[in-house]
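Welcome! Try each task yourself, then follow the solution step by step.

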Amino acid sequence: MAKDFDVQEGGATAARDYEDPPPAPLLDMEELRKWSLYRAVIAEFVATLLFLYVSILTVIGYKAQTDAGAGGVDCGGVGILGIAWAFGGMIFVLVYCTAGISGGHINPAVTVGLFLARKVSLVRTVLYIVAQCLGAICGCGLVKAFQSSYYNRYGGGANELADGYNKGTGLGAEIIGTFVLVYTVFSATDPKRSARDSHVPVLAPLPIGFAVFMVHLATIPITGTGINPARSFGAAVIYNKEKAWDDQWIFWVGPMIGAAAAALYHQFILRASAIKALGSFRSSA
């Protein structure tokens, strides 16, 4: 096997101390014959279901505990900090549990970002997104089934643009928030990190979950924090109110733009994939 090279300043090359996985094929129909694909799809479905169940239940519980009309108090419940921890903590747990099976995406924006970076095939991307959306619907459905009166009274955990913010602000919040998340995913799973930072043990799910936590702190007051189209879609389907559907496009367009920007930034600027390919071509000529 040929040795990989990194391009240095001035056109010089140096041997890599790590190895990038080969790019995933665009269309890999053979993948449809493998049980590992369907096992991964099931893992994405179950993980997204659990993610929505716990996180939406936390949101509704907080609103119920702070509803003065129902005997709640203003300072009751977990607060925005607790909601952010619920989302970030569940992502940490679920990515840890499923990373070795499906990669632990649990988010169509993450899946699309990895697809654009040639980390997953188109077949796997489509199946993952379908599984994630179905899992989100089922997770929200379980919350409504167990607490139907609270679910309808407190908005079903649906993402909606808050009063006082225009759609451009909401879209920008979703783009930047998703950029932070997907950029963290790329950085935490970069093969270069495990080789060159081996003296610093990094548990990839931890920074990913922490990124979700931080983004929620910043954007809950604006959009309720989507950064995950499946999360927003599942809640909108089960809650099924006009406002949630009117703003739904923000929670698809924003995360997809943010994911694409993060993939391009990491692959073509930080990792300089195009320059490395040119360097490898020159070294083999």
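Before starting, note that this is a predicted model, in which local features need pLDDT of at least 70, side-chain atom pairs count only at pLDDT 80 or more, and totals for chains, interfaces and linings use all residues. Residues are numbered from 1 along each chain as its sequence is written, and side-chain values use heavy atoms, with hydrogens and water left out.

**Exercise 1. Locate glutamine 248 and decide whether it is buried or exposed.**

Step 1. Glutamine 248 has its place in the loop between α10 (242-246) and α11 (250-270). Helices here are DSSP runs of H or I with at least four residues, strands are runs of E with at least two, and both are numbered from the N terminus.

Step 2. Look at the accessibility. Buried means under 20% relative accessible area, exposed means over 50%, and partly exposed is in between (1.4 Å probe, protein chains only). Glutamine 248 has a relative accessible area of 7%, so it is buried.

Step 3. Now look for its partners. Not counting residues up to four places away in sequence, glutamine 248 touches Pro229, Ser232, Phe233 and Ala236; a contact means heavy atoms within 4.5 Å.

**Exercise 2. Describe the surroundings of aspartate 190.**

Step 1. Find aspartate 190 in the loop between α6 (167-188) and α7 (191-196).

Step 2. Aspartate 190 counts as buried because its relative accessibility is 11%.

Step 3. Leave aside neighbours within four places in sequence, and aspartate 190 is in contact with His266 and Arg271. Aspartate 190 and arginine 271 are 81 residues apart in sequence, while their C-alpha atoms are 9.6 Å apart in space.

**Exercise 3. Work out which residues threonine 223 touches.**

Step 1. Threonine 223 is found in helix α8.

Step 2. With 1% relative accessibility, threonine 223 counts as buried.

Step 3. Setting aside neighbours within four places in sequence, the contacts of threonine 223 are Asn159, Glu160, Leu161, Gly170, Glu174 and Phe251.

Step 4. For a distance, take alanine 158: threonine 223 is 65 residues from alanine 158 in sequence and 9.6 Å from it in space, C-alpha to C-alpha.

**Exercise 4. How do α1 and α2 run relative to each other?**

Step 1. Helix α1 covers residues 35-65, and its axis comes within 10 Å of that of α2, crossing at roughly 165 degrees. Axes are lines fitted to C-alpha atoms, for helices over the stretch in contact, and angles run from 0 to 180 degrees between N-to-C directions.

Step 2. Angles under 35 degrees count as roughly parallel, over 145 as roughly antiparallel, 65 to 115 as roughly perpendicular and the rest as oblique. The two helices α1 and α2 are therefore roughly antiparallel.

Step 3. On the α1 side, the contact includes Ala43, Leu50 and Phe51; on the α2 side, it includes Ile83, Phe87 and Leu94.

Step 4. Sort the residues of the contact of α1 with α2, and you get 13 nonpolar, five polar and no charged. In this sorting Ala, Val, Leu, Ile, Met, Phe, Trp, Tyr, Cys and Pro are nonpolar, Asp, Glu, Lys and Arg are charged, and the others, Gly among them, are polar.

**Exercise 5. Examine how α2 packs with α8.**

Step 1. The axes of α2 (residues 79-98) and α8 (residues 205-223) are 8 Å apart, and the packing angle is about 155 degrees. That makes α2 roughly antiparallel to α8.

Step 2. Among the residues that meet are Trp85, Phe92 and Tyr96 in α2, and Phe210, Phe213 and His216 in α8. The residues of this contact of α2 with α8 divide into 18 nonpolar, three polar and no charged.
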